[in-house]
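User: Please take me through some of the helix geometry and backbone angles here, with the criteria behind each term.

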Amino acid sequence: MHNKNIHTAILLFANSPEEELKQKNISGSKNLYEYFNEETLLKAKQTGLDVVLFSDVNQFGKNFGERFSNAIASVFKQGYDAVITIGNDTPDLKTQHLLSAKENLQNQILTLGPSMDGGSYLITLSKSTFNTEEFQKLPWQSNHLFTALEQYLTSKKHTTKHIEVLKDVDETKDLYYFINRFTNTSLILKHLILSILSFPKEFVVKIFKTYISTYSSDTFNKGSPSIVIS
């Protein structure tokens, strides 16, 4: 890879909300995954990089590893030198994480974003590091993935750099993490999560009134959207 002008794309590998409902154990989460898809796509576009979306509509392969590897190969075939891959299920992913990965590429460093469960929410690959058959055999959707990814990239003689560990959402119990972390979760996301967790309407209204009265000053969360609970 050259140090400048690395032709890079972001690959957003994310199923449709309907498919997420089938695959993940979160009842009533269609609106949540619609929100995740929209927010993640927006964050990716804010980098100024090209964004390629692979959903269940255009994925192909017998399992996750094959589908993901085939999507990456398709992006490289479009002429890109490097790919930054992300999913749709990490609410704390920020545009800055993607920009950091882009910047690291200029120094021939491949960025990995570790998930709390041992997976990876962000993977940067160069064309020279990617081998479809090897990549699809990694222990996808397991808590050994991050370690295996690091070993894979190291075997390709590339330096890797970790960014911060983030929480992803794979099942209902993961939602409580974002509810308990009150000040750092958006009002919209809290509303969607509370609806899924089937809290009584009176409880939800009380929680949001408390949030707004406590954090609506200039010091906290200025400009948060109003939530109407009907």
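Analyst: Axes are lines fitted to C-alpha atoms, for helices over the stretch in contact, and angles run from 0 to 180 degrees between N-to-C directions. Helices are DSSP runs (H or I, at least four residues), as strands are (E, at least two), numbered from the N terminus. This is a predicted model, in which local features need pLDDT of at least 70, side-chain atom pairs count only at pLDDT 80 or more, and totals for chains, interfaces and linings use all residues. Residues are numbered from 1 along each chain as its sequence is written, and side-chain values use heavy atoms, with hydrogens and water left out.

User: How do the axes of helix α7 and helix α8 cross, roughly parallel, antiparallel, perpendicular or oblique?

Analyst: The axes of α7 (residues 172–180) and α8 (residues 187–196) come within 10 Å and cross at roughly 135°. Angles under 35 degrees count as roughly parallel, over 145 as roughly antiparallel, 65 to 115 as roughly perpendicular and the rest as oblique. Therefore α7 is, relative to α8, oblique.

User: Is Q141, with its positive phi of about 60°, buried or exposed?

Analyst: Q141, which is not a glycine, lies in the loop between α5 (132–136) and α6 (145–155). Buried means under 20% relative accessible area, exposed over 50%, and partly exposed in between (1.4 Å probe, protein chains only). Because its relative accessibility is 65%, Q141 counts as exposed.
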